[in-house]
2 protein chains.
Amino acid sequence: MKNVAVILSGSGVFDGSELYETVISLLAIRRAGAQYQCFAPDKEQLHVINHLSGEVAEGEKRNVLVESARLARGEIKPVTECDPEAFDALIIPGGFGAAKNLCTFAVDGADSQPDEDVLKVCKAFAQSGKPAGYACIAPALAASVYGNKVKLTIGNDTSTAQTIEELGAQHVECAVDEIVVDSDRKLVTTPAYMLAEDILEAEAGLNKMVETVLSMQ
Amino acid sequence: MKNVAVILSGSGVFDGSELYETVISLLAIRRAGAQYQCFAPDKEQLHVINHLSGEVAEGEKRNVLVESARLARGEIKPVTECDPEAFDALIIPGGFGAAKNLCTFAVDGADSQPDEDVLKVCKAFAQSGKPAGYACIAPALAASVYGNKVKLTIGNDTSTAQTIEELGAQHVECAVDEIVVDSDRKLVTTPAYMLAEDILEAEAGLNKMVETVLSMQ
């Protein structure tokens, strides 16, 4: 049975992992007959967003690992405990948390700095030729991990795509229910909620992403 | 297109709505060609549970509606704004929040008191003969809503089943991937994470629950 590491960035689209993208990805992993283990960085979130108002909850602090545990029913480990040798593939769902807590893309754009512990794990998967799937805005992190004109997508937002190209990637436009595959680097990306207007639209692309990642040798 | 009201109780299995159950239910609603609107009570959670440690986060307070908004990508309304006449069916996912924030079953057992605003909405669906699906521990709330020996399930936990019978329901044992249907009351229940050891197990029963609710006239 293939074993998949999933890196989360909190629990909620505006300050953490997008919930639908994460649950759909976990379902797809299990449906493909593989198993998963969730990880997250043990550090404070960039901020907390009140998901009802959309505003920053001033003065409130939450921990990425503790909140991500909500998406893993408590079964989660710090990303520093992720040994890539124990896994066959890596999946990183989107949500703004991927660009706020796994790297600083949301704040720093083309000067985005990946979280050091996350980068170490992601680089190990890349360098050992193990396949990975990054959804939604998580490809902004992939740009820093792979560089070298790696092919990826965040959908069709011109300004975001240009900033990601400044980080060293080659952006490819992609429909919401499709994926972009860099076969050499074994990187699969899908726009998900960068474009999705509905949970079914997001599901279509995410299912293809997970299936393609798990079909790679 | 059928319109489904979904009542949430927070965002996280230990103090709110179970995330997998909620997302799977929303997917099933859309897959059946129906649409949904999420609601939640605008009040403080019973407590906040640190989902990493499983312990109560002392001194921390969160609002049920604000946290439920994470599960609805911000598209959620107070349960007081739910007009049952505008909907064809009701779905209530499980998670401890259903027994902590929608009623007091987790604390008071056979003396469980439903939240007044939630009860008003649930009763309106029941009294107008509109179908409803309650998953996991949410049938503890259904017992208070329907009473009169309504047939329902929370799986096979003898002590919980007995307490629910003291609330006026008739408990029926049920496998994780199955449902219990009270055809007269148009109530459909499934054990979900009362029994599920895996997201696929929960999905099987939840899909049946949603499909059955939406097939009822």
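Predicted model: local features only at pLDDT ≥ 70, side-chain atom pairs only at ≥ 80, totals over all residues.

Reply: Helix α1 (residues 19-31) of chain B and helix α8 (residues 199-215) of chain B have axes that come within 9 Å and cross at roughly 40°. That angle makes α1(B) oblique to α8(B). As for its hand, the crossing of α1(B) and α8(B) is right-handed.

Which residues make the contact? From α1(B) they are Y20(B), E21(B), I24(B), S25(B), A28(B), I29(B) and R31(B). From α8(B) they are I199(B), E203(B), L206(B), N207(B), M209(B), V210(B) and L214(B).

The axes of α1(A) and helix α8 (residues 199-215) of chain A come within 9 Å, crossing at roughly 40°. Here α1(A) is therefore oblique to α8(A). The crossing of α1(A) and α8(A) is right-handed. Among the residues in contact are Y20(A), I24(A) and A28(A) of α1(A), with L206(A), V210(A) and L214(A) of α8(A). The contact of α1(A) with α8(A) divides into nine nonpolar residues, two polar and three charged.

Back in chain B, there is also a sheet. Seven strands form this open sheet, in the order β3-β2-β1-β4-β5-β9-β8, and the pairing is mixed. The edges are taken by β3 (76-78) and β8 (180-182) of chain B; each has a single partner strand, so one side of each is left without a neighbour in the sheet. From one strand to the next, the twist averages 25°.

Strand β2 (residues 35-40) of chain B pairs with β3(B) in the parallel sense, over three bridges. In one of these positions, A40(B) has P78(B) of β3(B) as its bridge partner.

Aromatic rings are the last topic. Over all chains, the count comes to eight aromatic pairs. In one pair, F14(A) and F96(A), the ring centres are 6.5 Å apart and the planes are at 35°, so the pair is tilted. This pair links distant parts of the chain, 82 residues apart. F14(A) lies in the loop between β1 (3-7) and α1 (19-31) of chain A, while F96(A) lies in the loop between β4 (89-92) and α3 (97-100) of chain A.

Notes
Residues numbered from 1 in each chain as written. Chains lettered and ligands numbered in written order. Heavy atoms only, no water. Axes fitted to C-alpha atoms, helices over the stretch in contact; angles between N-to-C directions. Helix = DSSP H or I, 4+ residues; strand = E, 2+ residues; numbered from the N terminus. Parallel < 35°, antiparallel > 145°, perpendicular 65-115°, else oblique. Left-handed = near helix turned anticlockwise from the far one by under 90°. Contact = heavy atoms within 4.5 Å. Pairing = 2+ DSSP bridges. Phe/Tyr/Trp six-rings, centres within 6.5 Å; stacked < 30°, edge-to-face > 60°. Nonpolar A, V, L, I, M, F, W, Y, C, P; charged D, E, K, R; others polar.
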